[in-house]
Every structure is written in C-alpha cells, then in structure tokens.
Amino acid sequence: MLVVKQVLRDSGGFVTVQGVLTNKGPSALNPAAWSGTETVIQNRNLNSVGGATLVDKAGRKRYYILRDTDGQCLCTNKLTALTPGESIPVFMQFPAPPAATTEVDFTLPNFATASLRISG
C-alpha cells in the first residue's frame with residue numbers, strides 16, 4: 001500500500017510527491033517492479049520508485065521522474081525487499097505541469113492509479 005502524504009509544487013518548477021510504502025501482505029515485496037520498464041531507470045535505478053509517472057489529463061501530457069546528469073532518478077532508490085508489516089518513506093520528483101494544473105493522475109507499477117491535488 002502507498003499512502004501519499006504530500007504533493008508539493010515548488011518555485012523551481014518541480015513537483016515532489018512524498019509518501020509511505022507499507023507491505024500489508026503475507027510475504028516480502030520486491031521493489032524491482034516499481035522501477036518501471038524504461039531502460040535508463042532499469043540500468044541505473046533498479047530498486048527504486050523510478051517507474052512512477054504523473055499525467056495531466058487536461059493538458060494531455062505525461063511526466064516522468066526527473067534524473068540527474070548521471071542518470072540517477074530523483075526518487076527513493078536502493079530499496080530492499082519490504083517484509084510483511086514494514087513501512088518506508090519514499091519521494092519522487094517530477095517536472096511541474098503548468099501552474100493552472102492542480103490535479104494529476106499518479107501511477108506506480110503494481111498500484112492503482114490515483115488522482116492527486118498539487119499544493120504550493
């Protein structure tokens with residue numbers, strides 16, 4: 001389960017999503033699935049939440065997690081298997097949609113899509 005705690009637009013043109021991942025199941029969760037299918041993310045950020053995206057439905061645009069000049073995602077990475085009952089904080093940073101966009105759809109592989117309101 002992922003509980004999103006904050007979706008904040010900052011003055012630098014970014015949106016940061018912060019939340020907590022919790023394993024509510026009976027067995028360990030492998031974080032590799034959350035990295036998505038993008039080759040750069042797979043090669044450099046395998047155990048991360050690098051597969052997350054934001055979708056501005058009104059603007060008809062998808063936003064992918066930002067990366068630094070070395071290809072590292074601006075997100076929580078180096079995750080290990082989540083044991084049953086374990087929780088970890090996570091963050092993901094995206095380019096900000098236009099200022100008029102206040103709601104986006106958030107996706108992370110293996111999780112349901114959720115609509116999020118952007119604050120800030």
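1. Strands β1 and β2 (residues 14–22) run antiparallel and are joined by seven bridges. Within this pair, Leu2 stands opposite Leu21 in β2. Please keep in mind that this is a predicted model.

2. The pair belongs to an open sheet of three strands, with the order β1-β2-β5 and antiparallel pairing. At the edges sit β1 (2–9) and β5 (87–95), each of which pairs on one side only. On average, neighbouring strands of this sheet are turned by 15° against each other, direction ignored. As a reminder, strands of a sheet pair through backbone hydrogen bonds, either parallel or antiparallel.

3. Now to the cysteines. The model has one disulfide, and this disulfide joins Cys73 to Cys75, with an S to S distance of 2.0 Å. That value lies within the 2.5 Å cut-off for a pair of cysteine sulfur atoms. Such a link is a covalent bond between the sulfur atoms of two cysteines.

4. What is the handedness of the disulfide of Cys73 and Cys75? The torsion about the S-S bond is about -65°, so the disulfide is left-handed. Cys73 and Cys75 are both buried.

Definitions and conventions
Residues numbered from 1 in each chain as written. Predicted model: local features only at pLDDT ≥ 70, side-chain atom pairs only at ≥ 80, totals over all residues. Heavy atoms only, no water. Buried < 20%, exposed > 50% of the residue type's maximum accessible area, 1.4 Å probe, protein only. Pairing = 2+ DSSP bridges. Helix = DSSP H or I, 4+ residues; strand = E, 2+ residues; numbered from the N terminus. Axes fitted to C-alpha atoms, helices over the stretch in contact; angles between N-to-C directions.
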